[in-house]
Amino acid sequence: MTQHEFDPRVKQLLDGELTLADLPAELRAEGEEALRLLAAVDRASVSVPAVTWRVMAALERRRRRLWWLAPAVAIAAAVVLLLGRPSTPPTTLSATVVTVRFVLVAPGAHQVSVAGTFNRWDPSATPLVRSGTADTWVATIALPPGEHQYAFVVDGARWVPDPAAPAVDDGFGRRNSVLTL
Amino acid sequence: MMRTGMILGLTLFATTLDAQQTIGERLTGRVPSEIAALVQELGGAAASRGLPVDPLIQKAIEGNAKAIPADRVAIAIRGVVAQLDSAAAALRDAGVASPVDTLEIAAGGFAITAGLRGRDIGELARTGRPTSDVIVGLRVAGTLAAMGVPREETVRLVGSSLRAQQAPGELLTLPGRVQSEMARGATPAQAAAGLARAAAAQARHGPPPDRGPPPDHGRPPRPLAPPLP
């Protein structure tokens, strides 16, 4: 793989510091090409029986902790039965997970990770590793179906939204990237 | 009557207490004590109103991870509660059975974060599709809005797709299809409008002959809500 040197402003685009609209017209094609290269998100459903086991284990822990609430729960259950509902179909838990590859081009970075709703926003939980060119960082993880928000953490301090993903306001004046599976 | 009130009060108290205990366990050592106390207070009240508490916990942990000052984290958490309340109210107004599914409220809250309004949430909930499909529809709608698709086009596209009985897996392809059209030069609005027209045609005439029944075939449809006054 040959190493391609992007214009510094395209690197800023990849870092989420600029948008395509901020680039001069002559750089937009290069910017779009760079974003296309980054849009490498692999999705393949795989069955993970362990997920079911973990869900059951969590329910079991919850049940043990709630023994002292048994009378109130019994009364509540009776009330529900007496009132003769619910009419809403139960939402089923899916046993599948989706494998997702996160990619960030971060020139000059020494350490990159991804933190989000799927790992309790822990910057040390999911590190990315260098791949291909020295500036490209990747991580592949399995996520449950649903809506996930995340950001990359560069050198343990700089929170960077994914330039290849849509983003929403994080409530703190920054942006969180969004991944819906 | 008085006994029923006492039972409901006891149930409410137990729900609130359990929510606060769960929140306390999940936040211990992760956020400053004043933020943990705030989330316990707001989360307990939210749970008693049938709202999900996970988004509050997530926002508190996120704020701490990003080293945001506690007063700003508190504002953001209150904002999350307001969005969830708006989503729940919109779903109730749409005639969704009460109590509303917490996953559905969370999905509606996300859609509001992304730029949709309460009436948009209600419109998607009134498509008469099962709860699980509406949840996916709300998440997809939020994602489309986050991509820059205007609110009206987002609701038209996802609403048409839901009415066309597209399966959740098919709904999830919408953001990628819009992105493909945008890569060919369409604006987000144009891309969504084209797909919405196709979905509306599918809703009128049924799926193409090479496609079998939708995967949720046989599931009971959600009852349609009464028309708005």
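Two strands are taken to pair if DSSP finds at least two bridges between them. In the predicted model, strand β4 of chain A (residues 129-130) and strand β5 of chain A (residues 136-143) are joined in the antiparallel sense by two bridges. One of the residue pairs involved is R130(A) with W137(A) of β5(A). Five residues lie between the strands of this hairpin, and among them G132(A) adopts a positive phi near 65°.

Strand β5(A) also pairs with strand β2 of chain A (residues 96-105), again in the antiparallel sense, over eight bridges. Here V105(A) has T136(A) of β5(A) as its bridge partner.

In chain B, helix α2 (residues 33-48) and helix α3 (residues 54-65) have axes that come within 9 Å and cross at roughly 165°. Angles over 145 degrees count as roughly antiparallel, and α2(B) and α3(B) are therefore assigned to that class. Their contact is formed by I35(B), V39(B), L42(B), G43(B) and A46(B) on α2(B) and by L56(B), I57(B) and A60(B) on α3(B). The crossing of the two helices is right-handed.

Helix α6 of chain B (residues 118-125) is largely enclosed by the rest of the structure, because seven of its eight residues are buried. The buried set consists of G118(B), D120(B), I121(B), G122(B), E123(B), L124(B) and A125(B). These residues pack against four helices of chain B, namely α4 (70-93), α5 (102-113), α7 (131-146) and α8 (151-163).

Definitions and conventions
Residues numbered from 1 in each chain as written. Chains lettered and ligands numbered in written order. Predicted model: local features only at pLDDT ≥ 70, side-chain atom pairs only at ≥ 80, totals over all residues. Buried ≥ 20, exposed ≤ 12 C-beta atoms within 10 Å, placed from the backbone. Contact = placed C-beta atoms within 7 Å. Axes fitted to C-alpha atoms, helices over the stretch in contact; angles between N-to-C directions. Parallel < 35°, antiparallel > 145°, perpendicular 65-115°, else oblique. Left-handed = near helix turned anticlockwise from the far one by under 90°.
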